[in-house]
Amino acid sequence: MPVSREQHETLFRVMPPVVTGLVYAIGLGGLVLYGPPDTFPAVQLLLFVAAFAMAQGLLVQHHARGMRISFNLTDIPLVIALFFLPPFWVVATKCLASLLFYAGRYVREDIGLLKPLFNAGLTTGGTAVAVFYVQYMGLGAAADPRTWLVLVSAIIITGLFTTVFISLMLYFMSGWDSVVKAWIGFTLTLIGPVLAGCVGVMFLVLLDATIWASLLIGFVVVAFVYLARSYMALRRQRQVLRELNDFTQLVVDSVRSKRLIDAMLGRLRDILSAESATVWVPPSGRYPQIRLTSALDDAGLTDLDPIPDALQRGVMESGKGVLLSPKNGTKAQKETLEAAGLRGAMLVPLRSGDEVYGCLSVADRIGGELSHFVPVDLQLLETIAANVGIAVQNERLLDQLRYDAYHDPLTGLPSRRRSLAALQEALSITVTGEVVAVLMFDVDSLHEINDALGHEAGDTALLEFAGRLKAHAPAGSFIGRIDSDEFILQTRLASTEAAVETARRLRTELQGPFEVGGVAVSLSAAVGVVTHPDFAADADELLKRADGATRQAKHAADGVQLYHSGLESESLRRIGLAADLRQALDRGRLEVHFQPKVRLDRALSAPGAVVGAEALVRWPHPTFGLVAPEEFIPIAASTGQLGQLTETVLDEALRRSAEWAGEDGPLPMAVNLSPRTLADADFPDKVASLLERHGVPAERLTFEITEDDVVSAEPRLTPALDRLHAMGVRLSVDDFGTGYSSLAYLRRLPVQEIKIDLRFVQGMATDADDRAIVEAVLGLARHFAIDVVAEGIEAHQTVEELRELECEAGQGYYFSRPLPPDRFAAWLDGQGGGSGRSRLRVV
């Protein structure tokens, strides 16, 4: 029969006193079993009571490699007492000493009554168990190793007994997780009781030899305790300073990322071992209140505040922190706290200069009835509150905390979260003869502006774009920025056709030149259009379909695309291709074709010779036929398959390079790379492994990466490119001449080759401008001592033009299309460049 919540809470409230009574019963059982002996060694008993009482508070802890080793000095006199005293007096002296010690703590500290009673009973019961064990095993002479073993194992058994009953108590206080941690802690720190037992045995042997050894033992113990306690105090101070430093840094970082409250409350609760942490900022003027709580059992923040409102207002009015526990706080405060179902709490004001603007509080220390906050915790909370107050020191920042949750920090427009909420509100209102239209704008050319003029210029362009959109939008429209370069406009119009016409009008009005950093730039946008109730039922669906229409609008003649059901089939095709691509990679169904690179310059030896090949991946799909790389490579990148695809192509390229080796070594091979692949820190190691496997020298491998990718991702690519360069691998900049940025990267990056984009090469025979660009690129390459390959050669006249300009190498359909491996090998043999021979002329 299931236990109700009320029964469960009653069980957890009743069982701790029951467990406490059980340990006392075991201790008293030991006293009754052995009974008081005839002798009463008063001096010895006083000495042992004093030794136990003093050693009770001397817990030495050492942290080593993340493990805390506890060394309780009370185990040392226990070893000696087990040897010298009768069983009854061992239990009695230990019981009396623990009662005196915990009574003193109860008077001095705010620890409640149950905790000292339980600890005293636990000490007495553990001692009784140790006595039972020693009496059963028997002891020999002090110098007998068997005696040593029995005494040390008695200490370990005491620790086991203690852990068993602490586990029971923790189970009823905190559940199974605490029990598991208790046993893990006992296992990892078992060295502590063993060390204490060994030290006790050494002292026992010395005392058995001569009573004067007690002087030396006393001196060693006092010195050791003094040094150990000093070390522990210093370590505790360093720990507190480290926690404060980490918290301060967390506050600073969180302010930058607009997540101050989320990060602050979670960390505060951890530092103070509290079940909940709350921040409350009452409403001020036009600003609503902030009341957020991080609780132990909740993954995120909630607006449920366990701290009574009267206590928080009292702290704000007095401007002083408050500690509430069984021994701290006024009677009225304790009654208010108890009425809220809390055992303890700490509250401190949040300040901005001299002004108190809020309250920071924590409630209920983890550990149940045995744990309470102490004055040092209040001091730590006040220090933390001061750090938070520095970060949130004026009304503007408070406004920012409220405002930024729903607004874009750059443009001030509503963010994606706010836009979704506003869109859902609009959909909830139906007006006859109107549709809710959503227009999504994806700003083009922003990438080029960032590269050419810097990200600050890109931000300026976005601000100007947002301003124009607001200026030309229909009256009553809602405008939001939902991504870095995406805006939405939501409005009500007469029909879907009116929405499309509005999109075209806005796109035209947004296309005018923008003044950015003294430079006139042109921005345009692809616009996707979707309407409710025609094409979507809720806000999420509207945005998803608007996004699909916007992607298609990039290929539309007028840059505007109305959503239709056919767009869904294109998305489904992409999803299907992603799944099929994974199977094709796993089953080796992708093909690698090869296109030769040919020497052009007559001034060089052997003009027309094959100087290498480029490996190009092809996918013959069983349903869709030959899928273009331009379609499936982005799918591989977005689904995490790009790394496997690159390794597949590279492995096949190097295998064929070795297979088609000539007299001068393996055939030089070029492989295209994505910046995402180069961002993989392990990629250079994978390249080295493949080169070694196929026996291909690193200088025979060239990686091609497009100019746009080189410029946009340069900081992330530099470490990998430097490592590849150190190995001897060559870097080629593909599509050179199409970028919009500075060419300074040619000095910064280890570039050995550039490939002139085919658009300039194919037009140079008929267009003087294209020829001038090719000539300029060749001159630039000679200045930097960089090799040049002209790609896209399709006519003999182009070859002659390039030779006149002394271009070193070329590639294109004029020489050969990309061929499968068997046909490429036959082509090589037909040129006299097969395996084992030099590669001869092809033109």
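Residues are termed buried here when their relative accessible area is under 20%. In the predicted model, buried residues account for 48% of the 843 residues in the protein chain. The chain comprises 31 helices and 24 strands. Of its contacts with a separation of 6 or more, 68% are between residues 24 or more positions apart. The accessible surface amounts to about 40700 Å², and carbon and sulfur atoms contribute 57% of this area.

Aromatic pairing was examined across the chain, and 11 aromatic pairs were found. In one of them, the rings of Phe-594 and Phe-824 are tilted, with a centre-to-centre distance of 5.9 Å and an angle of 45° between the planes. Phe-594 and Phe-824 are both buried. For Phe-824, the relative accessibility is 0%, and the residue is therefore classed as buried.

Phe-824 also pairs with Trp-827; the ring centres are 5.9 Å apart and the planes meet at 25°, so this pair is stacked. Planes under 30 degrees apart meet the criterion for stacking. Both residues lie in helix α31, and because they are 3 residues apart, about one helical turn separates Phe-824 from Trp-827. Trp-827 has a relative accessibility of 15% and therefore also counts as buried. Together with Trp-660, the residues Phe-594, Phe-824 and Trp-827 make up one aromatic cluster.

A contact of another kind involves a charged side chain and a ring. Arg-417 is placed over the face of Tyr-406, 5.4 Å from the ring centre.

Among the strands, an open sheet of 6 members was identified, with the order β5-β4-β3-β8-β7-β6 and antiparallel pairing. Its edges are formed by β5 (301–302) and β6 (322–324), each of which pairs on one side only. Within this sheet, strands β3 (residues 274–281) and β4 (residues 290–295) run antiparallel and are joined by 6 bridges. Ser-276 has Ala-295 of β4 as its bridge partner. Helix α11 (residues 309–318) lies across β3, β4, β6, β7 (345–352) and β8 (355–365). Relative to β8, helix α11 runs at about 135°.

Methods
Residues are numbered from 1 along each chain as its sequence is written. This is a predicted model: local features need pLDDT of at least 70, side-chain atom pairs count only at pLDDT 80 or more; totals for chains, interfaces and linings use all residues. Side-chain values use heavy atoms; hydrogens and water are left out. Rings of Phe, Tyr and Trp (its six-membered ring) pair if their centres lie within 6.5 Å; planes under 30 degrees apart count as stacked, over 60 as edge-to-face and the rest as tilted. Buried means under 20% relative accessible area, exposed over 50%, partly exposed in between (1.4 Å probe, protein chains only). Helices (H or I, at least four residues) and strands (E, at least two) are DSSP runs, numbered from the N terminus. A charge sits over a ring if NZ of Lys or CZ of Arg is within 6 Å of the ring centre and within 35 degrees of the ring normal. Contact means heavy atoms within 4.5 Å. Accessible areas come from the Shrake-Rupley method with a 1.4 Å probe; for residues, only the protein chains shown count as cover. Two strands pair if DSSP finds at least two bridges between them. Axes are lines fitted to C-alpha atoms, for helices over the stretch in contact, and angles run from 0 to 180 degrees between N-to-C directions.
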